Amino acid sequence: MKLLAKILSYPLSVIFYLFFGLNLIVFHPIQWFCLNVFGYEAHKKSVDYFNWFILRCLNIVGTSFNVTINSSIPNNVPIIIVSNHQSMWDIPPIIWYLRKYHPKFISKIELGKGIPSISYNLKHGGSVLIDRKNPRQATGEIIKIAKYVSKHNRSVVIFPEGTRSKDGTPKPFRKTGLLTLIKKAPDAYILPVSISNSWKLQNKGMFPLPLGVRLQLVVHASLKVSDYNPEELIDEVEKQVKSSISI
């Protein structure tokens with residue numbers, strides 16, 4: 001059975017990348033048109049459905065999604081989504097399943113160019129691009145997005161581990177970026193998110209993709225920033241995020 005799955009993973013991965021690449025190409029002009037003709041809301045919906053199609057592409061290789069939202073999430077407030085990070089495939093389920101909260105990203109600057117659809121959204125959809133070699137620039141961009149989500153009552157996603165876990169084992173949180181968000185968005189709520197098994201889609205490279213991965217997303221109860229000491233809040237969030245990661 002394992003041998004058969006490995007053999008099938010090659011043609012199914014080819015089909016996956018065919019549709020994934022087509023999705024990137026098709027939605028790039030759609031995003032441009034939506035943003036420049038109809039504005040932010042239309043562009044945001046185009047990004048939502050772009051990511052929905054990515055999830056459907058992953059279904060081609062048998063990937064399934066188990067999403068648990070443990071409590072209601074407050075509306076019309078700024079939200080800081082804090083998640084562990086296992087692979088690039090963490091992003092689409094966060095965007096789709098939490099689309100009501102307009103998630104934006106703190107992303108490395110290298111992703112801001114050269115990738116159809118993805119780079120366009122990062123540059124024009126409200127996210128920020130940081131140079132990890134330039135702490136001053138990175139801090140300035142984090143302050144910028146904290147003010148943005150506070151003004152518009154949207155959400156920002158941060159992966160405090162700093163880099164993805166290649167085997168699913170969570171890394172210690174780096175607190176600097178999250179502390180900046182907390183201090184510059186004092187009215188925000190933090191939403192801890194635990195992601196499991198997406199590392200399996202990338203642990204042996206980008207090709208072939210393994211078949212039948214069950215990606216799990218657990219959204220924990222929100223925590224009001226102003227109810228906690230910042231350091232204690234980060235410790236609590238880290239504890240919650242790591243509590244539901246399946247290794």
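Q: Which residues are buried in helix α6?
A: In this predicted model, helix α6 spans residues 175-184. Its buried residues are Gly 177, Leu 178, Leu 179, Thr 180, Leu 181 and Ile 182.

Q: And what covers the buried residues of α6?
A: The cover includes the strands β2 (79-83), β3 (103-108), β5 (155-158) and β6 (189-196). It also includes the helices α5 (135-152) and α7 (230-243).

Q: On to pockets: how much space lies in the largest pocket?
A: The largest pocket holds about 1200 Å³ of space. Its lining consists of 46 residues, and His 85, Ile 106, Ser 107, Lys 108 and Phe 159 lie nearest its centre.

Q: Which element gives the largest share of that lining?
A: Helix α6 does, with five residues. Other elements that give two or more residues include α1, α2 (40-59), α3 (91-97) and α4 (118-124).

Q: What about cavities, how many are there of 30 Å³ or more?
A: There is one. The largest cavity has a volume of about 120 Å³.

Q: What lines the largest cavity?
A: It is lined by 14 residues, and those nearest its centre are Lys 44, Val 47, Pro 103, Lys 104 and Asn 121. Helix α2 supplies the largest share of this lining, five residues.

Q: Changing topic, is Leu 18 buried or exposed?
A: Leu 18, which lies in helix α1 (residues 2-38), is exposed because its relative accessible area is 59%, and exposed means over 50%. Leu 18 belongs to a nonpolar surface patch with Ile 15, Phe 19, Leu 22, Val 26 and Ile 30. Together they have about 520 Å² of accessible area.

Terms used: Residues are numbered from 1 along each chain as its sequence is written. This is a predicted model: local features need pLDDT of at least 70, side-chain atom pairs count only at pLDDT 80 or more; totals for chains, interfaces and linings use all residues. Side-chain values use heavy atoms; hydrogens and water are left out. Patches are made of residues with over 30% relative accessible area and no salt bridge: like charges are joined within 9 Å, nonpolar side chains (Val, Leu, Ile, Met, Phe, Trp, Tyr) within 5 Å. Accessible areas come from the Shrake-Rupley method with a 1.4 Å probe; for residues, only the protein chains shown count as cover. A salt bridge is a side-chain nitrogen of Lys or Arg within 4 Å of a carboxyl oxygen of Asp or Glu. Helices (H or I, at least four residues) and strands (E, at least two) are DSSP runs, numbered from the N terminus. Buried means under 20% relative accessible area, exposed over 50%, partly exposed in between (1.4 Å probe, protein chains only). Contact means heavy atoms within 4.5 Å. On a 1 Å grid over the protein atoms alone, a cavity is a set of points where a 1.4 Å probe fits but cannot get out, and a pocket is an open set with protein on both sides within 12 Å along at least five of seven lines; lining residues have an atom within 4 Å of a point. Grid points are joined across faces, edges and corners, and a volume is the space filled by probe spheres set on the points.
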